[in-house]
Amino acid sequence: MPETSAPERCVDRVASELSACLPALNRALERQIAREYPHPKPPEGQLALLRFVAQREGTTVREAAEALLMKPNNVSALVSQLVERGELERRQDGADKRIAHLHLTESSRQRIAEVSALEQSHLYRAMLSLTDGEMDALGSAVGALKALTRRLHATAC
């Protein structure tokens, strides 16, 4: 059996490091936000749905389910919970009454903006301590991470 090529070993190493680093980065950021943010964090599925609706105001349950890689009935249940708590609105489609479009309430929009600002602030302060080389590498990596996300999303559908 031939030895693994250098590029395959590199891909394996980077994949391993990313799978360990990205969740740790997310947890560290979430813990810092939790210390400062006065409202309880919604469960991950609800939060993902709220963030998606914030990006795509007027989306449908089906569109959200496809984008979030969830079953439509699970997204529908999340929508019901969020509507009940006053964080999301369902607005009936003018042409097809069976379709509802999802919209954030003003309080949800404000909370998402506050959390986003906190996240960016924490990242900004942490990034100030990086070297120029680290910042260059991180800046270059953003595009690659977006491309990787698109590929993983496409294969998960």
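Leucine 69 lies in the loop that runs between H3 and H4. In this predicted model, the phi angle of leucine 69 is near 60°, a positive value in a residue other than glycine. Most residues other than glycine have a negative phi. Leucine 69 has a relative accessible area of 41% and is therefore classed as partly exposed, since that class lies between the limits of 20% and 50%.

When residues up to four places away in sequence are set aside, leucine 130 touches Met135 and Leu138. Leucine 130 and lysine 146 are separated by 16 residues in sequence, and the distance from C-alpha to C-alpha is 21 Å.

The packing of helix H2 was examined against two partners. Two packed helices are described by the angle between their axes and the distance between the axes. For H2 and H4, the axes come within 10 Å and cross at roughly 85°, so that H2 is roughly perpendicular to H4. On the H2 side, this contact involves Gly45, Gln46, Leu49 and Leu50, which meet Val75, Leu78, Val79, Gln81 and Leu82 in H4. Sorted by class, the contact of H2 with H4 has six nonpolar and three polar residues, and no charged residues.

The classes represented in the contact of H2 with H5 are four nonpolar, one polar and two charged residues.

Among the residues of helix H2 is glutamine 46, which is buried because its relative accessibility of 4% falls under the 20% limit.

The largest nonpolar core comprises 15 residues, of which Leu49, Val75, Val79 and Leu88 touch the most other members. At least two residues of this core are supplied by each of H2, helix H3 (61–68), helix H4 (72–84) and strand E2 (100–104). Leucine 88, leaving aside neighbours within four places in sequence, is in contact with Leu49, Leu50, Val53, Val79, Leu82, Val83, His103, Leu104 and Thr105. Two of these contacts, Leu49 and Val79, are themselves named with Leu88 among the core residues that touch the most other members.

A search of the whole structure finds zero disulfides. Cysteine 10 is in no disulfide, and the nearest cysteine sulfur, that of cysteine 21, is 15 Å away, whereas a disulfide would require sulfur atoms within 2.5 Å. For cysteine 21, which is likewise in no disulfide, the nearest cysteine sulfur is that of cysteine 10. Cysteine 10 counts as partly exposed at 38% relative accessibility, and cysteine 21, with a relative accessible area of 44%, is partly exposed as well.

Definitions and conventions: Residues numbered from 1 in each chain as written. Predicted model: local features only at pLDDT ≥ 70, side-chain atom pairs only at ≥ 80, totals over all residues. Heavy atoms only, no water. Buried < 20%, exposed > 50% of the residue type's maximum accessible area, 1.4 Å probe, protein only. Nonpolar A, V, L, I, M, F, W, Y, C, P; charged D, E, K, R; others polar. Contact = heavy atoms within 4.5 Å. Core = buried A, V, L, I, M, F, W, Y, C linked by side-chain atoms within 4.5 Å. Helix = DSSP H or I, 4+ residues; strand = E, 2+ residues; numbered from the N terminus. Axes fitted to C-alpha atoms, helices over the stretch in contact; angles between N-to-C directions. Parallel < 35°, antiparallel > 145°, perpendicular 65-115°, else oblique.
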